[in-house]
Amino acid sequence: MRSTIYPQESIYNLIPREEEKAMKAPRYMSKFREQVKLEKEVNQAPSKTMGPAKVDVPSPQKYLLKRSKEPKLPEKKPFKYEDEELHSKPPIPARTDKPLMGLHSNKDFIKTNAVENIMTVPKKPQPVYAYTKKGDKQLLENSGLVPKYIKKKDFGQTPEYLLQRREEVKKAQEEYDDYVKERMREGAMKQLSGEERHNILQALKKNWDELHHQYQGLSVVTDTAPKKYRKERLEQEMKQLEKDIELIERHKTIYIANN
């Protein structure tokens, strides 16, 4: 229902009205309130941040004197080498002493040292590991973190999957040999001899040389359909001959079926 809107100057405005107070929502209270209070009381310690409540006041007689904090040097003593023999001069040689004369070396120590340093292989740093947050290090070899395969129980033994694969290959080869023998016994297959294989290989290479010679004699510009067709035909035949030559050269033993 639409409420009636009265103008600003109206007699109805003189009627006293009750003041409507807005109802506030209840204040939020956490269910962890008591737990937080308890933890605060447990963790609270006296003089935790501001220091002790009472501090001993220094005595007025013990005031800071001039140069009292400067380091005190030890008394001066006459200097003396710890080992007099190393710094003392050698004795004068006697008249009967015969110094060694004429011993000279032609060795160039500068070049020798340079060559040795150039040819020397730099040392490899030993792997280490840090075991503290301050960076204290120890050798990684003795830490137990590096696996040592020579200490395994099955070290040096052939893995099981390789033995299984070897047996499968051997079995497949035996089945293939039995099949070939059976077909050759029936007369449906025969093996090419070394001479026949060599003759076939030489004939294929000769045919490839002839096609290559024809291919070299083609025109450089293939501007007509017959030229393009002939070039593509020669390329296909040469590729097929190359595959056949590679197949025969890769296999020493060749079987052919008898029609």
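Tutor: Start with S193, in the loop between strand 3 (189–191) and helix 5. Helices (H or I, at least four residues) and strands (E, at least two) are DSSP runs, numbered from the N terminus. The model is predicted: local features need pLDDT of at least 70, side-chain atom pairs count only at pLDDT 80 or more, and totals for chains, interfaces and linings use all residues. Residues are numbered from 1 along each chain as its sequence is written, and side-chain values use heavy atoms, with hydrogens and water left out.

Student: What is the relative accessible area of S193?

Tutor: Buried means under 20% relative accessible area, exposed over 50%, partly exposed in between (1.4 Å probe, protein chains only). S193 has 34%, so it is partly exposed. Its C-alpha atom is 8.4 Å from that of T253, 60 residues apart along the chain.

Student: How do I read two packed helices?

Tutor: Two packed helices are described by the angle between their axes and the distance between the axes. Axes are lines fitted to C-alpha atoms, for helices over the stretch in contact, and angles run from 0 to 180 degrees between N-to-C directions. Here the axes of helix 5 and helix 6 come within 10 Å and cross at roughly 155°.

Student: Which orientation do helix 5 and helix 6 have to each other?

Tutor: Angles over 145 degrees count as roughly antiparallel. Helix 5 and helix 6 are therefore roughly antiparallel. The contact residues of this pair divide into eleven nonpolar, three polar and nine charged. For these classes, Ala, Val, Leu, Ile, Met, Phe, Trp, Tyr, Cys and Pro count as nonpolar, Asp, Glu, Lys and Arg as charged, and the others, Gly among them, as polar.

Student: Which residues form the largest nonpolar core?

Tutor: A nonpolar core is a set of buried Ala, Val, Leu, Ile, Met, Phe, Trp, Tyr and Cys residues joined through side-chain atoms within 4.5 Å. The largest has ten: L192, L201, L204, L211, L234, M238, L241, I245, I248 and I254. Helix 6 gives the largest share, five residues.

Student: What does L204 touch, leaving aside neighbours within four places in sequence?

Tutor: Contact means heavy atoms within 4.5 Å. L204 is in contact with L241, D244, I245 and I248.

Student: What is the phi of R67?

Tutor: Most residues other than glycine have a negative phi. R67 is not a glycine, yet its phi is positive, about 60°. R67 lies in the loop between helix 1 (33–43) and helix 2 (84–87). At 58% relative accessibility, R67 is exposed.

Definitions and conventions. Angles under 35 degrees count as roughly parallel, over 145 as roughly antiparallel, 65 to 115 as roughly perpendicular and the rest as oblique.
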